[in-house]
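Please examine the structure shown below with this briefing at hand.

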Amino acid sequence: MAITTILGAGGSVSNELAKILTASKEPYRLVGRNPRPHAGAEVVAADIADPEQALRAVSGSNVVYLVAGLKYDSNLWRAMWPRIMGNVIEACKQAQAKLIFLDNVYMYGKVSGPMTEETPYSPLSIKGEVRAHIANMLMSEVKSGNLTAMIARAADFYGPDAANGLPNVLVFGAFAQGSTASWLVDDTLPHSLTFVPDVARGLASLAGHESAWGQIWHLPTAAPALTGKQFITLTAKEFAVPPKYRVMKRPILKLVGWFNPLVRESYEMLYQNDSPYLFDSTKFAREFDFAGTPYAEGIRITASAYKSGNKP
């Protein structure tokens with residue numbers, strides 16, 4: 001019997017997808033290096049950076065979601081992402097499985113105006129160059145007729161299970177602990193954020209829509225985008241605390257980066273925070289009649305998870 005496979009078990013998107021597949025009573029498989037048991041799912045331990053393990057992970061699948069993440073390290077990305085993408089493409093070819101790849105927007109670089117599915121690739125970072133390369137690898141196979149696949153992109157994440165999302169780390173986590181929130185570079189600029197449950201809902205909708213294959217899609221993301229100040233103010237209201245926050249400018253982040261590898265790796269991406277960051281998911285909204293969870297509702301749900309102790 002054919003099965004739906006999620007590559008990247010344990011991540012926030014994988015967890016939300018698992019809920020959807022469980023509710024639909026679809027047979028599915030969770031694949032990760034050290035996956036935890038999950039009711040209703042077949043669980044497979046595999047490292048998809050190894051071609052044989054990738055083949056085993058995908059065998060028997062009809063649809064494969066590639067939602068895996070790597071440690072935030074440019075050198076690691078440059079070495080591993082092309083290998084992973086190549087292995088997954090080959091495994092899906094052999095299994096005759098359809099592949100949907102969850103991507104970000106790094107390959108677009110700094111964009112004047114909204115980012116759409118037609119935005120050309122103009123990366124300004126090592127990570128952006130890697131993402132452009134693997135996206136081209138995948139779509140080249142699609143255009144050659146070797147693989148049925150699509151790319152689904154999202155803006156920066158936030159949500160009740162988005163442990164690594166910057167708004168979770170800098171805003172929700174801070175207010176939950178009774179401390180001051182933070183924002184990067186400029187709190188007056190609009191910055192699109194995608195609610196993680198909407199990512200999973202969007203991926204599932206796309207995978208079940210025959211005409212969606214072979215294309216690039218932007219996953220449902222609410223508009224208009226909020227500024228950092230607006231986002232923090234709404235979040236503080238849910239925690240019933242004053243909207244106290246600091247704006248972390250480039251010089252301080254540069255200094256902190258000398259001691260903190262994650263901040264150092266994030267520095268090349270700060271161009272996303274010093275100009276409007278506008279993610280347009282109109283194409284998805286037109287096709288599926290869903291424009292994303294409004295920010296006020298997404299913030300309420302996320303804050304509620306923190307307040308109930310069910311935090312990332």
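T227 is buried, because its relative accessible area is 14% and buried means under 20%, exposed over 50% and partly exposed in between, with a 1.4 Å probe and protein chains only. This is a predicted model, in which local features need pLDDT of at least 70, side-chain atom pairs count only at pLDDT 80 or more, and totals for chains, interfaces and linings use all residues. Residues are numbered from 1 along each chain as its sequence is written, and side-chain values use heavy atoms, with hydrogens and water left out.

**Residues in loops**

- T227 is located in the loop between β10 (216-218) and α7; helices (H or I, at least four residues) and strands (E, at least two) are DSSP runs, numbered from the N terminus.
- Apart from neighbours within four places in sequence, T227 has contacts with D187, T188, L189 and P190, where contact means heavy atoms within 4.5 Å.
- N273 belongs to the loop between α9 (261-266) and α10 (282-288), and its relative accessibility of 12% makes N273 buried.
- The contacts of N273, leaving aside neighbours within four places in sequence, are L184, V185, D186, L189 and H191.
- S122 is found in the loop between β5 and α4, and with 41% relative accessibility S122 is partly exposed.
- Not counting residues up to four places away in sequence, S122 touches M107, Y108 and G109.
- S122 and V111 are 11 residues apart along the chain, and their C-alpha atoms are separated by 8.8 Å.

**Nonpolar cores**

- A nonpolar core is a set of buried Ala, Val, Leu, Ile, Met, Phe, Trp, Tyr and Cys residues joined through side-chain atoms within 4.5 Å.
- The largest nonpolar core has 37 residues, of which L7, L66, L99 and L138 touch the most other members.
- At least two residues of this core are supplied by each of α2 (51-58), β4 (61-66), α3 (74-95), β5 (98-103), α4 (126-143) and β6 (149-153).
- Helix α3 provides the largest share of this core, nine residues.
- A second, separate core has 30 residues, among them V67, A162, V196 and L206.
- L99 is in contact with V64, L66, V88, I89, C92, L138, L147, T148, A149, M150 and W213, when its neighbours within four places in sequence are left aside.
- L138 is part of helix α4 and is buried, with a relative accessible area of 0%.
- Beyond residues up to four places away in sequence, L138 touches M85, I89, L99, F101, L147, A149, M150 and I151.
- The C-alpha atoms of L138 and F284 are separated by 21 Å, and these residues are 146 apart along the chain.

- Two packed helices are described by the angle between their axes and the distance between the axes.
- Axes are lines fitted to C-alpha atoms, for helices over the stretch in contact, and angles run from 0 to 180 degrees between N-to-C directions.
- Helix α1 (residues 12-23) packs with helix α6 (residues 196-207) at an angle of about 55°, their axes being 8 Å apart.
- Helices α1 and α6 are therefore oblique to each other; angles under 35 degrees count as roughly parallel, over 145 as roughly antiparallel, 65 to 115 as roughly perpendicular and the rest as oblique.
- The crossing of α1 and α6 is right-handed: a crossing is right-handed if the near helix is turned clockwise from the far one by less than a right angle, and left-handed if anticlockwise.
- From α1, S12, V13, E16, L17 and I20 meet V196, P197, V199, A200, R201, L203 and A204 in α6.
- The contact of α1 with α6 has nine nonpolar, one polar and two charged residues; Ala, Val, Leu, Ile, Met, Phe, Trp, Tyr, Cys and Pro count as nonpolar, Asp, Glu, Lys and Arg as charged, and the others, Gly among them, as polar.

- The axes of helix α5 (residues 166-176) and helix α7 (residues 228-239) cross at roughly 30° and come within 10 Å, so α5 and α7 are roughly parallel to each other.
- In the contact of α5 with α7, P167, V171, F172, F175 and A176 in α5 meet F231, I232, T235, A236 and F239 in α7.
- This contact of α5 with α7 comprises nine nonpolar, one polar and no charged residues.
- Helix α7 and helix α11 (residues 295-307) pack at about 45° with axes 9 Å apart, which makes α7 oblique to α11.
- The residues in contact are F231, L234, T235, E238 and F239 of α7 and I299, R300, A303, Y306 and K307 of α11.
- By class, six residues in the contact of α7 with α11 are nonpolar, one is polar and three are charged.
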